[in-house]
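Hello,

Here is the structure I promised to pass on to you. Have a look at it first, and then read my notes below.

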Amino acid sequence: MPVDSGLIAWIEEALAPIGTVTKRAMMGGATLYLDGTIFAIAVEDGLWIKADATSDAVWDAAGCPRFSYTMGEGREGSMNYRRAPDDVYDDADALREWAALGVAAGLRAPVKRKPAQK
């Protein structure tokens with residue numbers, strides 16, 4: 001099932017005072033950017049906000065689990081995203097606060113460069 005378009009609309013509306021949200025489709029979900037900086041992914045089960053070693057303690061204190069998935073052969077994988085707290089779905093101020101953590105993590109992330117073509 002695809003990501004909820006109502007969720008994306010809510011995120012765009014709530015974050016409009018601080019920037020422009022854009023999205024890119026990815027494996028049944030969407031990667032979300034705020035003014036060009038990746039800050040979250042939206043998937044069928046909700047919003048996951050980018051985290052890193054600098055912000056992990058804040059996410060841990062809020063009880064927000066890390067994004068995990070099952071890979072081939074039953075192996076478990078995880079990505080550096082945390083489940084958004086419940087209040088972000090109906091409180092724009094809370095969404096902006098948590099999204100700011102994601103944007104900061106996105107800005108700290110190393111830039112991925114395309115390999116040079118020969």
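**What I found**

Starting at the N terminus, the elements of the protein follow the order α-β-β-β-β-α-β-β-α. That gives three helices and six strands, where helices (H or I, at least four residues) and strands (E, at least two) are DSSP runs numbered from the N terminus.

Before you go further, please keep in mind that this is a predicted model: local features need pLDDT of at least 70, side-chain atom pairs count only at pLDDT 80 or more, and totals for chains, interfaces and linings use all residues. Residues are numbered from 1 along each chain as its sequence is written, and side-chain values use heavy atoms, with hydrogens and water left out.

On overall shape, the C-alpha trace of the protein spans about 45 × 35 × 30 Å along its principal axes.

Of the 118 residues in the protein, 41% are buried. Here buried means under 20% relative accessible area, exposed over 50%, and partly exposed in between (1.4 Å probe, protein chains only). As for contacts (heavy atoms within 4.5 Å), 51% of those between residues at least 6 apart in sequence join residues at least 24 apart.

Now to the aromatic rings. Rings of Phe, Tyr and Trp (its six-membered ring) pair if their centres lie within 6.5 Å; planes under 30 degrees apart count as stacked, over 60 as edge-to-face and the rest as tilted. The protein has three aromatic pairs by this rule. In one of them, the ring centres of Trp59 and Trp98 are 4.7 Å apart and the planes stand at 40°, so the pair is tilted. Because Trp59 belongs to helix 2 (residues 56-61) and Trp98 to helix 3 (residues 92-108), this pair ties together parts that are 39 residues apart in sequence. Trp59 counts as buried, at 0% relative accessibility, and Trp98 counts as buried too, at 11%.

Phe67 and Tyr69 also form a tilted pair, with ring centres 6.1 Å apart and planes at 40°. Phe67 is buried at 13% relative accessibility, whereas Tyr69 is partly exposed, with a relative accessible area of 31%. Ring pairs link these two residues, Phe67 and Tyr69, with Trp48 into a cluster.

Best wishes
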